[in-house]
Amino acid sequence: MKVKKVLNRTILYFLVALIIVITLAPYLWLVISSFSTKIELMSRQIFLIPHNITLANYKDLMSKDFIPAAMNSIIVTSSVVVISVIIGVLAAYAFSRFRFRGKNPLLNLSLFTQMIPPIALIIPMFIIFKRLDLINHRITLVMIYLSLVLPYLIWIMKSYIDVTPKTLEEAAMIDGCSRLKSFFFVVLPMISTGLAATVIFSFIITWNEFFYAFSLTKTLDAKTLPVLIYDFNSKFGANYVMSATAGVLASLPPVLIALLFQKYIITGLAAGAVKE
Amino acid sequence: MKTKPLKKREKEPFFERHLGPILITPSTLVIFGILFIPIFYALYMSLNRISFRGADTIYKFAGLQNFINLFTTDPWFKSSFLVTLLFVMLTVATEIVIGVAASLVLNKKFHGRGFVRGLMILPWAMPTVVNAVMWKWIFNAEYGAANGLLLKLGLIKTSIAWLGTPRMAFFCVFLANVWKETPYVILLAIAALSTIPEDLYEAASIDGAGGWKAFWRITLPMIKPVLLILLITKTIWAFQTFDLVAIMTSGGPQNATNLLSYYIHFVAFKQTDFGSAAAMSYVLSMICFALSFVYIKVFMNKDENDEKKIKKHLKKKLAGAHEG
Amino acid sequence: MKKKLTLIIALVMVLSIVLMSAGCGKSNNNSTSSSSSLKGQKITVILPQNEADTVGFRAAKTKEFEKETGIQVELIEKSWEGVSDDVTGDLASGGGTYDVIEFDNSWIAKFIKNQWVAPLDQYMTADMKSGMVPGLLDLFSSGGKHYGIVWNNDTRFYMYNSKMLADAGLSAPPKTWDEVAALSKKTGKNAYMDTYKQEQMGTNELMFCVYSFGGNFVDDQGNPIVSTDPGVKEAYTWLAQAYKDGVFGKATLTMDYEEVAQSFNNGDFPLMLQAWPGVYADSNDSTKSKIVGDVNVADYSVSKTGNEQVVLTLPEAMAITSTSKHKEAAWKYIEYMSSKSMDKERALQIGALPIWSSLYNDPELLKKYPYWEQFGKQAQNSKGYPKIVWVDSFSDIVAKESQKILSGSVTVDQGLNEMQKLMLDAQKAAAQQ
């Protein structure tokens with residue numbers, strides 16, 4: 001019996017180790033590549049620590065449009081997060097607490113919008129935004145990303161508000177608070193976990209988005225990091241070292257935030273399916 | 001109930017009276033303004049033959065001709081469609097099977113469990129573009145780490161052109177997708193597993209149903225609702241895969257990875273055949289829409305009946321276990 | 001009497017020259033006056049990064065242009081694929097974003113048919129018309145009108161690693177495709193790498209191979225002849241066999257230009273059949289290359305018999321969009337960037353091939369780039385993309401179907417028949433539009 005237990009533990013730890021290696025190894029190689037020289041990477045060897053650890057790639061990157069693209073990413077992402085939280089939470093509150101005509105169809109439709117293939121939208125979108133002279137503007141990306149993030153945010157927040165007891169709110173209203181005031185001071189603090197989860201999701205979805213940015217931004221006026229990384233990869237510039245370096249930097253914010261706040265992510269994930 | 005609040009409401013100012021609709025207006029405008037106008041415009045485009053003269057775009061109504069052409073004259077649509085179908089089925093099935101298996105492992109008690117579970121977030125949180133670049137670099141035929149590793153281990157004698165042959169390239173794209181998407185299944189499955197009460201298993205083990213039997217009898221039925229949702233959403237999103245092939249293979253070699261989203265983008269923006277591209281995108285949309293309806297049905301069911309069902313389930317199982 | 005006549009003729013000639021130069025002066029005055037009115041105008045220029053331009057030549061000269069003329073230029077430089085997507089996407093949705101655009105040789109028929117580019121004849125000087133390489137001017141014209149001024153005379157060179165060849169016992173690089181195959185057989189390694197990728201660049205390289213076998217994809221009228229042309233069949237038969245034998249690496253089906261060059265400079269294979277001028281500089285840069293000093297340029301290219309020479313030329317031009325609101329300013333930019341003196345400076349700094357005929361005899365340039373002397377000879381047989389409206393489909397079909405033939409998943413005959421059928425379909429579809 002004991003032997004069997006030991007055997008079981010060994011198998012378990014072996015499997016866990018396997019999962020760790022499979023998860024970490026590819027990313028680790030990306031990080032290692034970003035600190036290596038091009039010549040060493042082309043030596044057909046794999047190594048854990050490069051012979052000449054170099055920061056030159058990072059320095060190079062800074063001179064190669066990285067900073068403006070990162071700024072665009074930051075501006076677009078923070079705008080989307082802030083706006084979506086404000087208007088999304090209010091809408092979630094309305095969907096949870098009020099009764100009005102068309103409520104349920106609207107909710108279902110908003111869920112449905114998440115399933116429309118972006119490729120079906122991009123062709124007409126491109127033409128419409130072109131006529132409105134909105135191609136290559138950060139504001140365009142902000143609007144599109146809002147439409148991606150909001151349905152999800154509303155659903156999650158609604159499910160959180162649904163389970164907060166109405167009695168507290170009603171008590172506050174009897175005390176003379178307006179509806180909105182009671183929402184802000186009574187309900188909002190109670191759903192802060194859900195709020196944190198949705199903020200993180202909005203951040204990650206927006207920061208990582210590639211397809212729309214790729215199709216609708218043309219220059220550094222609006223180009224975001226994923227598009228820049230794609231550019232490093234195309235004709236006359238299959239620059240793996242640059243791609244790796246930019247990839248490491250671009251993945252740091254979402255990865256770090258996700259790792260730090262994993263508690264919220266897991267609760268948020270459980271509340272609904274999130275498109276990544 | 002209906003008359004009383006009405007009187008009261010009439011006294012309230014407009015803002016208070018219509019607070020609900022007012023609060024949802026901004027969100028609704030954004031969501032439907034950005035998404036719904038284009039989807040109808042795409043339908044219009046798909047029914048036209050579109051050509052260009054200088055600054056003008058000329059729409060000539062063509063009925064269903066664009067759709068018919070997809071199946072008659074378009075040289076790559078059918079193969080692209082089949083490749084996409086294969087890709088979707090293989091990735092989703094693999095991700096769910098591996099995901100559930102891994103979640104079972106990570107649900108056991110061991111040192112550093114929190115850390116390992118946290119690690120699952122890494123692939124999920126990473127930008128898809130970085131994922132694609134990373135795997136393209138690993139599978140580089142000349143200097144990639146995959147060849148480096150296999151050569152060092154002596155598993156292969158000469159370098160493999162990973163992305164150079166149709167099957168290999170498909171496999172590499174498949175692998176890159178599975179690496180990135182499986183952790184999402186793992187995270188959700190772990191969350192679902194944690195809701196299964198321990199005493200169910202205890203009861204089952206008294207019953208003599210350990211291991212596999214317990215998995216089939218208890219675990220799987222308990223996490224089935226989550227798996228169902230995963231299955232549908234994963235399928236829809238797999239149909240929309242674009243970044244991976246755009247970066248790793250450009251749809252090649254021999255169209256082996258020419259996923260629909262990528263092919264449509266190619267027809268629209270490289271060949272400027274907007275009509276055909278819109279028609280194709282509508283075919284793809286219809287598939288996703290059909291799946292969405294199933295999804296919404298399931299999701300609603302889960303939301304409303306989940307707790308009831310689980311409780312009922314629990315009772316039955318417990319009763320069954322005790323009887324035995 | 002005769003003397004008198006000569007005198008009169010001479011007088012007339014002198015007079016006409018005076019008048020002409022006066023006319024020129026006048027028009028010059030006009031243009032300077034109009035250029036002052038152009039001051040403050042803003043034009044947007046989109047061009048692919050020039051792979052040879054490692055010193056930022058274009059960006060620097062654009063700044064100088066802004067300073068001299070007072071015209072503001074937003075210069076967008078990105079990868080060719082990126083530029084292609086942006087330009088086509090913009091023009092197909094009404095245009096108006098760009099004034100000066102990349103005008104690739106493969107786009108000529110399509111862009112002119114769609115009226116996306118404006119004719120340049122009203123702006124071009126007689127000097128330009130007579131002084132620029134005639135082939136380049138003709139290529140970018142249609143119906144007697146000129147539409148583009150070449151900025152990248154993209155012609156390829158046959159480069160080789162002399163050390164690797166010497167190790168294999170060769171004193172000169174192979175002249176024929178059979179010799180290339182023999183070299184690989186001798187060394188047991190890849191003789192060359194290239195890009196036969198499923199993208200337009202793949203089509204370029206396959207086109208070179210077919211042309212060098214004397215083959216043609218389409219006839220003079222633009223009708224596909226893939227299934228009947230003997231040269232095409234020979235080329236593909238050779239390619240399929242070469243793939244099997246490892247004459248070129250299997251990675252060739254996935255690599256792009258940059259990777260090929262990197263690999264060549266890493267000393268992985270001895271022959272670079274289609275190198276562009278910029279590769280040479282990198283080969284001799286020890287931070288990028290392991291083969292410093294070993295690279296040479298052949299004065300011929302690989303072909304079927306070794307006697308006939310075919311050069312693949314894929315020039316890229318600058319054109320003015322028909323929707324541009326600042327055509328005058330746009331033309332000023334093109335004129336500035338393609339003047340003879342600028343052309344020479346560009347040649348000296350980044351090794352770009354000139355677009356002015358006389359520069360091929362320029363002693364200063366020839367001293368720096370001795371192999372250009374051969375260019376005159378080679379250019380006689382230069383060939384580019386067929387001028388067809390369905391060129392996107394053409395390029396797509398060639399890239400995709402070729403991969404099937406190369407990797408042996410269909411026989412050469414099957415593959416070529418299918419290619420022919422697809423091309424006929426594409427041609428028909430284009431005619432309907």
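In chain C of this predicted model, 19 residues of domain 1 are in contact with 15 residues of domain 2. On the domain 1 side, helix H4 (108-113), helix H16 (372-379) and strand S12 (382-383) of chain C each supply at least two of the residues that touch domain 2. Sorted by class, that side of domain 1 has 8 nonpolar, 6 polar and 5 charged residues. As for the bounds, domain 1 of chain C is assigned as 40-154 + 314-383, and domain 2 as 157-312 + 389-432. Between the C-alpha centres of these two domains of chain C the distance is 27 Å.

Five strands make up an open sheet with mixed pairing, and their order is S2-S1-S3-S11-S6 (chain C). Which strands stand at the edges? They are S2 (72-78) and S6 (149-152) of chain C; each has a single partner strand, so one side of each has no neighbour in the sheet. From one strand to the next, the twist averages 35°. Inside that order, take the pair S1 and S3. Strand S1 (residues 42-48) and strand S3 (residues 100-104) of chain C pair in the parallel sense, over 2 bridges. In that pair, Ile46(C) stands opposite Ile101(C), which belongs to S3(C). There is also a helix to mention here: H3 (residues 80-92) of chain C lies across S1, S2 and S3 of chain C, and runs at about 135° to S1(C).

Next, chain C against chain B. Here 25 residues of chain B are in contact with 32 residues of chain C. On the chain B side, strand S1 (48-53) and helix H14 each supply at least two residues. S1(B) gives the most, with 4 residues. The chain B side as a whole divides into 8 nonpolar, 13 polar and 4 charged residues.

The loop between helix H13 (243-248) and helix H14 (260-270) of chain B contains Pro253(B). The peptide bond from Gly252(B) to Pro253(B) is cis, with omega near -15°. Ser250(B) lies in this loop between H13 and H14 of chain B as well, and its phi is near 55°, a positive value in a residue other than glycine. Gln254(B) is another residue of the loop between H13 and H14. Gln254(B) is not a glycine either, yet has a positive phi of about 50°.

Are Ser250(B) and Gln254(B) buried or exposed? The cut-off for buried is 20 or more other C-beta atoms within 10 Å. Ser250(B) has 23 other C-beta atoms within 10 Å, so it is buried. Gln254(B) has 25 within 10 Å, so it is buried too.

Last, the largest nonpolar core. It has 301 residues, and those that touch the most other members are Ile123(A), Ile229(A), Met248(B), Val100(C), Phe103(C) and Tyr333(C). The largest share of this core, 16 residues, comes from helix H7 (residues 138-162) of chain A.

What does Ile123(A) touch, leaving aside residues up to four places away in sequence? The list is Ala42(B), Met45(B), Ala268(B), Phe274(B), Ala277(B), Ala278(B) and Ser281(B). Ala268(B), one of these contacts of Ile123(A), falls within the range of H14 (260-270) of chain B.

Terms used. Residues are numbered from 1 along each chain as its sequence is written. Chains are lettered from A and ligands numbered from 1 in the order in which they are written. This is a predicted model: local features need pLDDT of at least 70, side-chain atom pairs count only at pLDDT 80 or more; totals for chains, interfaces and linings use all residues. Two strands pair if DSSP finds at least two bridges between them. Axes are lines fitted to C-alpha atoms, for helices over the stretch in contact, and angles run from 0 to 180 degrees between N-to-C directions. Two residues are in contact if their C-beta atoms, placed from the backbone, lie within 7 Å. A residue is buried if 20 or more other C-beta atoms lie within 10 Å of its own, exposed if 12 or fewer, and partly exposed in between; C-beta atoms are placed from the backbone. A nonpolar core is a set of buried Ala, Val, Leu, Ile, Met, Phe, Trp, Tyr and Cys residues joined through C-beta atoms within 7 Å. Ala, Val, Leu, Ile, Met, Phe, Trp, Tyr, Cys and Pro count as nonpolar, Asp, Glu, Lys and Arg as charged, and the others, Gly among them, as polar. Domain bounds come from an automatic or database domain assignment.
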